[in-house]
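The sequence and the model come next, followed by the points grouped by topic.

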Amino acid sequence: MSNPGFPLLERFLFPALGGLLYGYDIGSTSCATISIESATLSGISWYDLSSVAIGLITSGSLYGALIGSVLAFNIADFLGRRRELITSAIMYLVGALVTAFSPNFAVMVIGRFAYGIGIGLAMHSAPMYIAETAPSQIRGLLISLKEFFIVLGMVAGYGIGSLLVETVAGWRYMYGASTPLAVIMGIGMWWLPASPRWLLLRAIQGKGNMQELKETAIRCLCRLRGQSIGESASEQVDEILTELSYVGEEKEVTLGEMFRGKCLKAMIIGVGLVLFQQITGQPSVLYYAASIFQSAGFSAASDATRVSILLGLLKLIMTGVAVVVVDRLGRRPLLLGGVSGMVISLFLLGSYYLFLDDVPAIAVVALLLYVGCYQLSFGPIGWLMISEVFPLRLRGRGLSIAVLVNFGANALVTFAFSPLKAWLGAGIVFYVFGVIAVLSLLFIFFVVPETKGLTLEEIEAKCL
(Lines give C-alpha, C1' and ligand atoms only; values in the text may rest on other atoms or scores of the structure.)
Protein backbone atom coordinates (compact mmCIF):
# COMPACT_ATOMS: atom_id res chain seq x y z
CA MET A 1 0.00 0.00 0.00
CA SER A 2 1.46 3.38 -1.05
CA ASN A 3 2.12 6.05 1.51
CA PRO A 4 0.45 9.38 0.68
CA GLY A 5 2.85 11.27 2.94
CA PHE A 6 2.09 14.36 4.98
CA PRO A 7 0.52 17.37 3.27
CA LEU A 8 2.86 20.37 3.29
CA LEU A 9 0.56 22.27 5.66
CA GLU A 10 0.71 19.56 8.34
CA ARG A 11 4.51 19.25 8.10
CA PHE A 12 4.81 22.98 8.66
CA LEU A 13 1.86 23.67 10.97
CA PHE A 14 2.79 21.68 14.06
CA PRO A 15 6.36 23.02 14.50
CA ALA A 16 5.12 26.54 13.62
CA LEU A 17 2.60 26.35 16.50
CA GLY A 18 5.67 26.78 18.74
CA GLY A 19 6.08 30.26 17.22
CA LEU A 20 2.38 31.06 17.51
CA LEU A 21 2.42 30.19 21.23
CA TYR A 22 5.46 32.48 21.69
CA GLY A 23 3.67 35.37 19.98
CA TYR A 24 0.48 34.70 21.95
CA ASP A 25 2.44 35.06 25.20
CA ILE A 26 3.75 38.51 24.15
CA GLY A 27 0.25 39.75 23.24
CA SER A 28 -1.70 38.25 26.14
CA THR A 29 0.82 39.31 28.82
CA SER A 30 0.39 43.01 27.94
CA CYS A 31 -3.31 42.63 28.83
CA ALA A 32 -2.81 40.15 31.69
CA THR A 33 -0.70 42.62 33.68
CA ILE A 34 -3.54 45.18 33.50
CA SER A 35 -5.97 42.54 34.75
CA ILE A 36 -3.78 41.22 37.57
CA GLU A 37 -3.15 44.69 39.05
CA SER A 38 -6.85 45.56 39.29
CA ALA A 39 -8.33 45.46 42.82
CA THR A 40 -11.81 44.71 41.43
CA LEU A 41 -11.02 42.48 38.42
CA SER A 42 -7.94 40.48 39.42
CA GLY A 43 -9.93 38.03 41.55
CA ILE A 44 -6.98 37.62 43.96
CA SER A 45 -5.87 39.08 47.28
CA TRP A 46 -2.24 39.63 46.17
CA TYR A 47 -3.00 42.06 43.33
CA ASP A 48 -1.01 44.92 44.91
CA LEU A 49 2.30 44.02 43.28
CA SER A 50 5.48 46.09 43.08
CA SER A 51 6.95 47.23 39.77
CA VAL A 52 9.67 44.57 40.18
CA ALA A 53 7.02 41.87 40.63
CA ILE A 54 5.13 43.03 37.53
CA GLY A 55 8.45 43.09 35.68
CA LEU A 56 9.05 39.46 36.70
CA ILE A 57 5.62 38.43 35.40
CA THR A 58 6.16 40.32 32.13
CA SER A 59 9.73 39.11 31.51
CA GLY A 60 9.50 35.72 33.26
CA SER A 61 8.95 33.87 30.00
CA LEU A 62 11.93 35.73 28.46
CA TYR A 63 14.25 34.52 31.23
CA GLY A 64 12.75 31.04 30.89
CA ALA A 65 13.56 31.20 27.17
CA LEU A 66 17.19 31.96 28.07
CA ILE A 67 17.21 28.82 30.25
CA GLY A 68 15.62 26.85 27.39
CA SER A 69 18.35 28.04 25.01
CA VAL A 70 21.08 26.90 27.43
CA LEU A 71 19.36 23.50 27.81
CA ALA A 72 19.10 23.19 24.02
CA PHE A 73 22.89 23.57 23.69
CA ASN A 74 23.39 20.32 25.63
CA ILE A 75 20.37 18.20 24.67
CA ALA A 76 19.37 19.26 21.13
CA ASP A 77 21.53 16.85 19.11
CA PHE A 78 20.73 13.98 21.49
CA LEU A 79 16.95 14.51 21.46
CA GLY A 80 16.60 15.45 17.80
CA ARG A 81 14.37 18.17 16.38
CA ARG A 82 11.07 16.28 16.71
CA ARG A 83 11.49 15.21 20.35
CA GLU A 84 12.73 18.66 21.30
CA LEU A 85 9.51 20.13 19.86
CA ILE A 86 7.45 17.57 21.82
CA THR A 87 9.34 18.60 25.00
CA SER A 88 8.64 22.25 24.13
CA ALA A 89 4.90 21.52 23.81
CA ILE A 90 4.91 19.83 27.24
CA MET A 91 6.64 22.88 28.80
CA TYR A 92 4.12 25.21 27.10
CA LEU A 93 1.26 23.15 28.54
CA VAL A 94 2.74 22.90 32.06
CA GLY A 95 3.70 26.60 32.09
CA ALA A 96 0.26 27.78 30.93
CA LEU A 97 -1.61 25.59 33.45
CA VAL A 98 0.64 26.51 36.40
CA THR A 99 0.30 30.22 35.54
CA ALA A 100 -3.48 30.06 35.02
CA PHE A 101 -4.14 28.21 38.30
CA SER A 102 -1.40 29.86 40.39
CA PRO A 103 -2.55 30.47 44.00
CA ASN A 104 0.17 33.05 44.69
CA PHE A 105 2.83 35.20 43.05
CA ALA A 106 5.74 32.73 43.51
CA VAL A 107 3.88 29.90 41.75
CA MET A 108 2.90 32.28 38.95
CA VAL A 109 6.55 33.20 38.30
CA ILE A 110 7.45 29.47 38.23
CA GLY A 111 4.72 28.99 35.60
CA ARG A 112 6.06 31.91 33.55
CA PHE A 113 9.58 30.43 33.66
CA ALA A 114 8.29 26.98 32.61
CA TYR A 115 6.39 28.51 29.68
CA GLY A 116 9.55 30.41 28.73
CA ILE A 117 11.60 27.19 28.63
CA GLY A 118 9.04 25.98 26.07
CA ILE A 119 9.64 29.18 24.05
CA GLY A 120 13.43 28.70 24.11
CA LEU A 121 13.19 25.07 22.96
CA ALA A 122 10.60 25.86 20.27
CA MET A 123 12.48 28.84 18.82
CA HIS A 124 15.54 26.60 18.63
CA SER A 125 14.04 23.42 17.16
CA ALA A 126 11.16 24.65 14.96
CA PRO A 127 13.32 26.43 12.34
CA MET A 128 15.70 23.44 12.29
CA TYR A 129 12.92 20.90 11.75
CA ILE A 130 11.27 23.00 9.02
CA ALA A 131 14.63 23.72 7.29
CA GLU A 132 15.72 20.07 7.35
CA THR A 133 12.42 18.66 6.04
CA ALA A 134 11.37 21.34 3.51
CA PRO A 135 12.23 21.24 -0.23
CA SER A 136 14.97 23.85 -0.89
CA GLN A 137 12.77 25.77 -3.40
CA ILE A 138 10.22 26.72 -0.69
CA ARG A 139 12.39 26.50 2.46
CA GLY A 140 12.49 30.29 2.77
CA LEU A 141 8.71 30.57 2.46
CA LEU A 142 8.05 27.94 5.15
CA ILE A 143 10.57 29.23 7.72
CA SER A 144 9.43 32.83 7.13
CA LEU A 145 5.86 31.64 7.71
CA LYS A 146 6.96 30.69 11.23
CA GLU A 147 7.63 34.40 11.88
CA PHE A 148 4.17 35.09 10.42
CA PHE A 149 2.78 32.67 13.02
CA ILE A 150 4.63 34.52 15.83
CA VAL A 151 2.99 37.79 14.75
CA LEU A 152 -0.38 36.02 14.28
CA GLY A 153 -0.03 34.78 17.87
CA MET A 154 0.70 38.35 19.06
CA VAL A 155 -2.44 39.68 17.35
CA ALA A 156 -4.48 36.79 18.81
CA GLY A 157 -3.04 37.51 22.28
CA TYR A 158 -3.90 41.21 22.04
CA GLY A 159 -7.39 40.38 20.74
CA ILE A 160 -8.24 37.71 23.34
CA GLY A 161 -6.65 39.84 26.07
CA SER A 162 -8.72 42.90 25.16
CA LEU A 163 -11.90 40.76 25.26
CA LEU A 164 -11.08 39.33 28.70
CA VAL A 165 -9.39 42.35 30.33
CA GLU A 166 -12.64 43.44 32.05
CA THR A 167 -13.57 39.91 33.18
CA VAL A 168 -12.98 38.98 36.83
CA ALA A 169 -9.77 36.88 36.97
CA GLY A 170 -9.48 37.44 33.21
CA TRP A 171 -5.69 36.95 33.35
CA ARG A 172 -6.23 33.29 34.29
CA TYR A 173 -8.32 32.73 31.15
CA MET A 174 -5.79 34.62 28.99
CA TYR A 175 -2.96 32.29 30.03
CA GLY A 176 -5.16 29.19 30.08
CA ALA A 177 -6.37 29.84 26.50
CA SER A 178 -3.03 28.65 25.10
CA THR A 179 -3.35 25.09 26.49
CA PRO A 180 -5.39 23.55 23.62
CA LEU A 181 -2.77 24.72 21.08
CA ALA A 182 0.05 23.25 23.21
CA VAL A 183 -1.78 19.89 23.23
CA ILE A 184 -2.33 20.03 19.44
CA MET A 185 1.35 20.90 18.90
CA GLY A 186 2.52 17.97 21.08
CA ILE A 187 0.21 15.41 19.43
CA GLY A 188 1.07 16.73 15.96
CA MET A 189 4.82 16.47 16.53
CA TRP A 190 4.37 12.94 17.96
CA TRP A 191 2.61 12.05 14.70
CA LEU A 192 5.24 13.62 12.37
CA PRO A 193 8.44 11.67 11.53
CA ALA A 194 11.96 12.59 12.67
CA SER A 195 14.19 14.81 10.52
CA PRO A 196 15.96 12.53 7.99
CA ARG A 197 19.06 14.78 8.05
CA TRP A 198 19.33 14.47 11.84
CA LEU A 199 19.10 10.66 11.53
CA LEU A 200 21.85 10.64 8.88
CA LEU A 201 24.05 12.87 11.05
CA ARG A 202 23.67 10.30 13.86
CA ALA A 203 24.56 7.55 11.36
CA ILE A 204 27.82 9.07 10.06
CA GLN A 205 28.89 10.06 13.58
CA GLY A 206 28.56 6.44 14.68
CA LYS A 207 25.72 7.05 17.15
CA GLY A 208 23.71 4.04 16.03
CA ASN A 209 23.66 1.31 13.43
CA MET A 210 24.39 2.90 10.01
CA GLN A 211 22.06 0.60 8.03
CA GLU A 212 19.17 0.89 10.48
CA LEU A 213 19.42 4.69 10.68
CA LYS A 214 19.68 4.92 6.89
CA GLU A 215 16.54 2.79 6.46
CA THR A 216 14.71 4.89 9.06
CA ALA A 217 15.78 8.08 7.23
CA ILE A 218 14.40 6.67 3.95
CA ARG A 219 11.08 5.82 5.66
CA CYS A 220 10.88 9.30 7.22
CA LEU A 221 11.64 10.95 3.87
CA CYS A 222 8.90 8.88 2.20
CA ARG A 223 6.44 9.86 4.94
CA LEU A 224 7.35 13.53 4.56
CA ARG A 225 7.32 13.72 0.75
CA GLY A 226 4.73 11.00 -0.05
CA GLN A 227 4.20 9.30 -3.39
CA SER A 228 5.97 12.04 -5.36
CA ILE A 229 9.38 10.93 -4.10
CA GLY A 230 8.90 7.32 -5.25
CA GLU A 231 12.04 5.23 -5.64
CA SER A 232 14.28 8.28 -5.44
CA ALA A 233 14.11 8.41 -1.60
CA SER A 234 17.00 5.95 -1.30
CA GLU A 235 19.04 7.93 -3.87
CA GLN A 236 18.37 11.23 -2.05
CA VAL A 237 19.49 9.70 1.26
CA ASP A 238 22.71 8.44 -0.40
CA GLU A 239 23.30 11.93 -1.89
CA ILE A 240 22.87 13.60 1.51
CA LEU A 241 25.23 11.06 3.12
CA THR A 242 27.85 11.67 0.39
CA GLU A 243 27.59 15.45 0.77
CA LEU A 244 27.81 15.19 4.57
CA SER A 245 30.95 13.09 4.26
CA TYR A 246 32.40 15.51 1.67
CA VAL A 247 31.97 18.56 3.94
CA GLY A 248 33.34 16.67 6.94
CA GLU A 249 30.35 15.99 9.21
CA GLU A 250 31.67 12.65 10.57
CA LYS A 251 33.03 14.06 13.83
CA GLU A 252 30.89 15.74 16.48
CA VAL A 253 31.83 19.41 16.71
CA THR A 254 34.00 20.35 19.69
CA LEU A 255 33.73 23.67 21.53
CA GLY A 256 37.09 24.79 20.05
CA GLU A 257 36.01 23.90 16.49
CA MET A 258 32.90 26.08 16.80
CA PHE A 259 35.17 29.12 16.65
CA ARG A 260 37.36 28.04 13.71
CA GLY A 261 37.03 27.84 9.93
CA LYS A 262 33.57 27.47 8.40
CA CYS A 263 32.01 26.94 11.84
CA LEU A 264 33.30 30.37 12.91
CA LYS A 265 31.97 31.98 9.72
CA ALA A 266 28.54 30.43 10.33
CA MET A 267 28.62 31.68 13.94
CA ILE A 268 29.51 35.22 12.83
CA ILE A 269 26.67 35.28 10.27
CA GLY A 270 24.04 33.69 12.51
CA VAL A 271 24.86 35.40 15.80
CA GLY A 272 25.49 38.75 14.05
CA LEU A 273 22.05 38.69 12.43
CA VAL A 274 20.11 37.92 15.62
CA LEU A 275 22.18 40.43 17.62
CA PHE A 276 21.51 43.26 15.15
CA GLN A 277 17.86 42.13 15.01
CA GLN A 278 17.51 43.23 18.66
CA ILE A 279 20.05 46.05 19.16
CA THR A 280 18.58 48.11 16.31
CA GLY A 281 15.86 48.98 18.84
CA GLN A 282 12.92 46.78 17.95
CA PRO A 283 11.61 46.38 21.56
CA SER A 284 12.15 50.11 22.29
CA VAL A 285 10.41 51.55 19.21
CA LEU A 286 7.26 49.57 20.03
CA TYR A 287 7.49 50.84 23.63
CA TYR A 288 6.88 54.35 22.28
CA ALA A 289 3.95 53.42 20.02
CA ALA A 290 1.10 54.50 22.32
CA SER A 291 2.61 57.94 23.14
CA ILE A 292 3.39 58.63 19.45
CA PHE A 293 -0.20 57.90 18.38
CA GLN A 294 -1.52 59.94 21.30
CA SER A 295 0.64 62.95 20.39
CA ALA A 296 -0.64 62.74 16.82
CA GLY A 297 -4.21 63.23 18.06
CA PHE A 298 -5.50 59.68 17.71
CA SER A 299 -7.28 59.71 21.07
CA ALA A 300 -9.04 56.40 20.39
CA ALA A 301 -5.71 54.79 19.59
CA SER A 302 -4.05 56.07 22.76
CA ASP A 303 -5.30 52.97 24.52
CA ALA A 304 -2.26 50.63 24.50
CA THR A 305 -4.28 47.57 23.54
CA ARG A 306 -5.79 49.19 20.46
CA VAL A 307 -2.43 50.56 19.33
CA SER A 308 -0.93 47.09 19.79
CA ILE A 309 -3.65 45.47 17.67
CA LEU A 310 -3.15 48.09 14.92
CA LEU A 311 0.63 47.57 14.87
CA GLY A 312 0.17 43.80 15.12
CA LEU A 313 -1.99 43.83 11.97
CA LEU A 314 0.64 45.91 10.12
CA LYS A 315 3.34 43.45 11.23
CA LEU A 316 1.16 40.58 10.01
CA ILE A 317 0.64 42.14 6.55
CA MET A 318 4.33 43.00 6.05
CA THR A 319 5.47 39.57 7.24
CA GLY A 320 3.02 38.08 4.73
CA VAL A 321 4.70 40.13 1.97
CA ALA A 322 8.14 38.85 3.05
CA VAL A 323 6.86 35.25 3.08
CA VAL A 324 5.54 35.56 -0.50
CA VAL A 325 8.68 37.11 -2.03
CA VAL A 326 11.59 35.62 -0.01
CA ASP A 327 12.22 32.66 -2.34
CA ARG A 328 11.84 34.84 -5.44
CA LEU A 329 13.86 37.93 -4.46
CA GLY A 330 16.29 36.23 -2.08
CA ARG A 331 17.45 36.95 1.48
CA ARG A 332 19.99 39.72 0.87
CA PRO A 333 17.71 42.12 -1.12
CA LEU A 334 15.04 41.93 1.59
CA LEU A 335 17.60 42.48 4.36
CA LEU A 336 19.33 45.39 2.60
CA GLY A 337 16.07 47.08 1.55
CA GLY A 338 14.28 46.56 4.87
CA VAL A 339 17.18 47.65 7.09
CA SER A 340 17.70 50.76 4.90
CA GLY A 341 14.08 51.69 5.67
CA MET A 342 14.74 51.09 9.38
CA VAL A 343 17.74 53.47 9.26
CA ILE A 344 15.59 56.24 7.75
CA SER A 345 12.78 55.67 10.28
CA LEU A 346 15.14 55.69 13.31
CA PHE A 347 16.75 58.99 12.27
CA LEU A 348 13.26 60.44 11.65
CA LEU A 349 12.16 59.35 15.15
CA GLY A 350 15.29 60.85 16.69
CA SER A 351 14.71 64.12 14.81
CA TYR A 352 11.07 64.20 15.95
CA TYR A 353 12.05 64.04 19.63
CA LEU A 354 14.88 66.58 19.21
CA PHE A 355 13.65 69.17 16.66
CA LEU A 356 10.27 68.32 15.13
CA ASP A 357 7.96 67.67 18.07
CA ASP A 358 5.40 70.03 16.55
CA VAL A 359 4.98 67.69 13.54
CA PRO A 360 3.67 64.44 15.10
CA ALA A 361 2.76 63.05 11.66
CA ILE A 362 6.51 62.48 11.10
CA ALA A 363 6.67 60.26 14.19
CA VAL A 364 3.62 58.24 13.08
CA VAL A 365 5.06 57.73 9.57
CA ALA A 366 8.48 56.80 11.03
CA LEU A 367 6.92 54.32 13.46
CA LEU A 368 4.87 52.60 10.74
CA LEU A 369 7.88 52.59 8.38
CA TYR A 370 10.07 51.02 11.08
CA VAL A 371 7.56 48.27 11.91
CA GLY A 372 6.91 47.48 8.23
CA CYS A 373 10.60 47.40 7.26
CA TYR A 374 11.56 45.29 10.30
CA GLN A 375 8.94 42.69 9.35
CA LEU A 376 10.23 42.66 5.75
CA SER A 377 13.82 42.07 6.87
CA PHE A 378 15.18 41.20 10.32
CA GLY A 379 11.88 39.75 11.59
CA PRO A 380 11.52 36.73 9.28
CA ILE A 381 14.93 36.67 7.52
CA GLY A 382 16.96 36.57 10.76
CA TRP A 383 15.25 33.34 11.89
CA LEU A 384 15.38 31.93 8.34
CA MET A 385 19.12 32.42 7.89
CA ILE A 386 20.19 31.05 11.28
CA SER A 387 18.37 27.83 10.35
CA GLU A 388 20.23 27.68 7.00
CA VAL A 389 23.85 28.77 7.56
CA PHE A 390 25.00 26.43 10.33
CA PRO A 391 26.65 23.16 9.17
CA LEU A 392 24.54 20.15 10.17
CA ARG A 393 26.83 18.92 12.95
CA LEU A 394 26.95 22.47 14.36
CA ARG A 395 23.29 23.28 13.74
CA GLY A 396 21.93 22.15 17.12
CA ARG A 397 24.56 23.94 19.21
CA GLY A 398 24.95 26.89 16.83
CA LEU A 399 21.25 27.65 16.84
CA SER A 400 21.09 27.38 20.64
CA ILE A 401 23.85 30.04 20.89
CA ALA A 402 22.02 32.24 18.33
CA VAL A 403 18.70 31.91 20.19
CA LEU A 404 20.45 32.61 23.51
CA VAL A 405 22.01 35.79 22.03
CA ASN A 406 18.61 36.80 20.60
CA PHE A 407 16.73 36.53 23.90
CA GLY A 408 19.69 37.93 25.88
CA ALA A 409 19.97 41.00 23.63
CA ASN A 410 16.17 41.45 23.78
CA ALA A 411 16.28 41.41 27.60
CA LEU A 412 19.27 43.82 27.63
CA VAL A 413 17.71 46.34 25.23
CA THR A 414 14.37 46.19 27.08
CA PHE A 415 16.11 46.68 30.45
CA ALA A 416 18.54 49.41 29.31
CA PHE A 417 16.07 51.56 27.36
CA SER A 418 14.53 53.46 30.30
CA PRO A 419 17.88 54.36 31.97
CA LEU A 420 19.35 55.41 28.60
CA LYS A 421 16.27 57.52 27.81
CA ALA A 422 16.56 59.26 31.21
CA TRP A 423 20.29 59.87 30.68
CA LEU A 424 20.43 60.85 26.99
CA GLY A 425 16.84 61.63 26.02
CA ALA A 426 14.66 59.69 23.55
CA GLY A 427 15.99 61.56 20.49
CA ILE A 428 19.65 60.66 21.08
CA VAL A 429 18.73 57.04 21.90
CA PHE A 430 16.95 56.69 18.55
CA TYR A 431 19.95 58.25 16.79
CA VAL A 432 22.17 55.65 18.48
CA PHE A 433 19.85 52.89 17.23
CA GLY A 434 20.07 54.50 13.77
CA VAL A 435 23.88 54.35 13.79
CA ILE A 436 23.73 50.68 14.90
CA ALA A 437 21.31 50.02 12.01
CA VAL A 438 23.86 51.57 9.57
CA LEU A 439 26.51 49.19 10.99
CA SER A 440 24.10 46.27 10.51
CA LEU A 441 23.68 47.30 6.83
CA LEU A 442 27.47 47.11 6.36
CA PHE A 443 27.49 43.72 8.11
CA ILE A 444 24.78 42.38 5.77
CA PHE A 445 26.47 43.78 2.65
CA PHE A 446 29.96 42.42 3.39
CA VAL A 447 29.31 39.26 5.45
CA VAL A 448 25.87 37.73 4.84
CA PRO A 449 25.67 35.37 1.81
CA GLU A 450 22.69 34.66 -0.47
CA THR A 451 21.22 31.20 0.23
CA LYS A 452 18.17 31.29 -2.06
CA GLY A 453 17.51 27.99 -3.88
CA LEU A 454 20.51 26.11 -2.38
CA THR A 455 20.20 22.87 -0.43
CA LEU A 456 21.49 22.97 3.15
CA GLU A 457 24.53 20.93 2.07
CA GLU A 458 25.23 23.32 -0.86
CA ILE A 459 25.07 26.30 1.53
CA GLU A 460 27.73 24.64 3.68
CA ALA A 461 29.95 23.83 0.69
CA LYS A 462 29.60 27.11 -1.23
CA CYS A 463 28.83 29.89 1.30
CA LEU A 464 31.08 29.01 4.26
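Leaving aside neighbours within four places in sequence, Thr99 is in contact with Met108, Gly111, Arg112, Trp171 and Tyr175. The model is a predicted one. Thr99 sits in helix α3, and that helix packs against helix α4.

**Thr99**

- Thr99 has a relative accessible area of 1%, so Thr99 is buried, the cut-off being under 20%.
- The side chain of Thr99 reaches the backbone oxygen of Gly95 at 2.7 Å.

**Helices α3 and α4**

- Two packed helices are described by the angle between their axes and the distance between the axes.
- For helix α3 (residues 81–100) and helix α4 (residues 105–133), the angle is about 155 degrees and the axes are 7 Å apart.
- Because angles over 145 degrees count as roughly antiparallel, α3 is roughly antiparallel to α4.
- The crossing in which α3 passes α4 is left-handed.
- The residues of the contact of α3 with α4 comprise 16 nonpolar, 8 polar and 5 charged.

**Ser28**

- Ser28 belongs to helix α1, which spans residues 8–36.
- The relative accessible area of Ser28 is 0%, so this residue is buried.
- A polar atom of the Ser28 side chain lies 3.5 Å from the backbone oxygen of Asp25.
- Not counting residues up to four places away in sequence, Ser28 touches Gly157, Tyr158, Met174 and Tyr175.

**Tyr158**

- Tyr158, one of the residues that Ser28 touches, lies in helix α5 (residues 139–164).
- Tyr158 counts as buried, because its relative accessibility is 10% and the cut-off is under 20%.
- From C-alpha to C-alpha, Tyr158 and Leu221 are 39 Å apart in space, and they are 63 residues apart in sequence.

**Helices α15 and α17**

- Helix α15 (residues 331–354) packs with helix α17 (residues 378–389) at an angle of about 145 degrees, and their axes are 10 Å apart.
- α15 passes α17 in a left-handed crossing.
- On the α15 side, the contact is made by Arg331, Leu334, Leu335, Val339 and Met342.
- On the α17 side, Phe378, Ile381, Leu384, Met385 and Glu388 make the contact.
- By class, the contact of α15 with α17 holds 8 nonpolar residues, 2 charged residues and no polar ones.

Terms used: Residues are numbered from 1 along each chain as its sequence is written. This is a predicted model: local features need pLDDT of at least 70, side-chain atom pairs count only at pLDDT 80 or more; totals for chains, interfaces and linings use all residues. Side-chain values use heavy atoms; hydrogens and water are left out. Helices (H or I, at least four residues) and strands (E, at least two) are DSSP runs, numbered from the N terminus. Buried means under 20% relative accessible area, exposed over 50%, partly exposed in between (1.4 Å probe, protein chains only). A polar contact is a pair of N or O atoms within 3.5 Å; within protein, one must be able to donate a hydrogen and the other to accept it, and residues adjacent in sequence count only if both atoms are side-chain atoms. Contact means heavy atoms within 4.5 Å. Axes are lines fitted to C-alpha atoms, for helices over the stretch in contact, and angles run from 0 to 180 degrees between N-to-C directions. Angles under 35 degrees count as roughly parallel, over 145 as roughly antiparallel, 65 to 115 as roughly perpendicular and the rest as oblique. A crossing is left-handed if the near helix is turned anticlockwise from the far one by less than a right angle, and right-handed if clockwise. Ala, Val, Leu, Ile, Met, Phe, Trp, Tyr, Cys and Pro count as nonpolar, Asp, Glu, Lys and Arg as charged, and the others, Gly among them, as polar.
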